[in-house]
Amino acid sequence: LTEAAASYRAVLAVDPRHADAHHLMGLIALGAGAVAEAATHFAVLIEARPTVAEYRSNHGHALRLLGRLAEAEAELLEATRLEPGLVDSWINLGLVRLDREDPAGAVAALEVAALRAPRSALAHLNLGTAYQRAGGIEDALREYRAAADLAVDLAPAHRNAGVAAQLLGRLDEAIGAYRRALTLVPDDPDVLTNLGVALVAAGDLPAALAA
């Protein structure tokens, strides 16, 4: 990636508005955690090619990470208008709306994502979170289970399924989900704490103490 970035900088030194170079530099910066730099590259890119949905989607994602939520939502809405089939735009739009404390709006966006990409574990996982924030715990549990079925190594899907099952009073199911999560993240303090609380409620105090 370091060598690739050096090559893209060389391209931009010759052509400061080269779209592909800005796009790839933005993705590298985003992956490295340099979110402000990524947003700058994406902004230049959109100025040059305003009708490419993927560019607007990536810009919206970067703006969300920077906490510029209103701008991020506007950018992602434009991405969904330009290319309704781009699932990442719907997922990112849902996440922005969760950040803006708009769970109903998040559900609306993430339902589209899950409908368009029924085998996307991330779409189902985030839809579950949106349902849970909106108070639909049964719906949330269904989506967490779907995510866990699609990606058995996705620890948050098992953890969140445990939380939803526990909220519904299904202790055996919650304990099983937490234990599956712990096979993937054995030292996660949140999962261990939740497991302990569920075990107390189930009356298994020695196992709760161990957790």
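At what angle do helix α10 (residues 155–167) and α12 pack, and how far apart are their axes? Point 5 has the answer; a few notes on the model come before it.

1. A word on the basis of these notes: this is a predicted model, in which local features need pLDDT of at least 70 and side-chain atom pairs count only at pLDDT 80 or more, while totals for chains, interfaces and linings use all residues. Residues are numbered from 1 along each chain as its sequence is written, and side-chain values use heavy atoms, with hydrogens and water left out.

2. Overall, the protein has 13 helices and zero strands. Here helices (H or I, at least four residues) and strands (E, at least two) are DSSP runs, numbered from the N terminus. The C-alpha atoms fill a box of roughly 70 × 35 × 25 Å, taken along the principal axes.

3. Let us start with helix α2 (residues 19–31) and helix α3 (residues 35–48), whose axes come within 8 Å and cross at roughly 160°. Axes are lines fitted to C-alpha atoms, for helices over the stretch in contact, and angles run from 0 to 180 degrees between N-to-C directions. The two helices are therefore roughly antiparallel to each other (angles under 35 degrees count as roughly parallel, over 145 as roughly antiparallel, 65 to 115 as roughly perpendicular and the rest as oblique). Their crossing is left-handed, a term for a near helix turned anticlockwise from the far one by less than a right angle, with right-handed used if clockwise. Across the contact (heavy atoms within 4.5 Å), A19, H22, H23, M25, G26, L27, A29 and L30 in α2 meet V35, E37, A38, H41, F42, V44 and L45 in α3. By class, this contact has 10 nonpolar, four polar and one charged residues (Ala, Val, Leu, Ile, Met, Phe, Trp, Tyr, Cys and Pro count as nonpolar, Asp, Glu, Lys and Arg as charged, and the others, Gly among them, as polar).

4. Next come helix α11 (residues 171–184) and helix α12 (residues 189–202): their axes come within 9 Å and cross at roughly 155°. That makes α11 roughly antiparallel to α12, and the crossing is left-handed. From α11, L171, I175, Y178, R179, A181 and L182 meet V191, L192, N194, L195, A198, L199, A201 and A202 in α12. These residues divide into 12 nonpolar, one polar and one charged.

5. Back to the opening question: α10 and α12 pack at an angle of about 30°, with their axes 11 Å apart. That makes α10 roughly parallel to α12. Their crossing is left-handed, and R159, V163 and Q166 in α10 meet V191, N194, V197 and A198 in α12. By class, this contact has four nonpolar, two polar and one charged residues.

6. Finally, do look at the lining of the largest pocket: E54, S57, N58, H61, L86, D88, I91, N92, L95 and L122. The elements giving two or more residues to this lining are α4 (53–65) and α6 (87–99). By class, the lining has four nonpolar, four polar and two charged residues. On a 1 Å grid over the protein atoms alone, a pocket is an open set of points where a 1.4 Å probe fits, with protein on both sides within 12 Å along at least five of seven lines; lining residues have an atom within 4 Å of a point.
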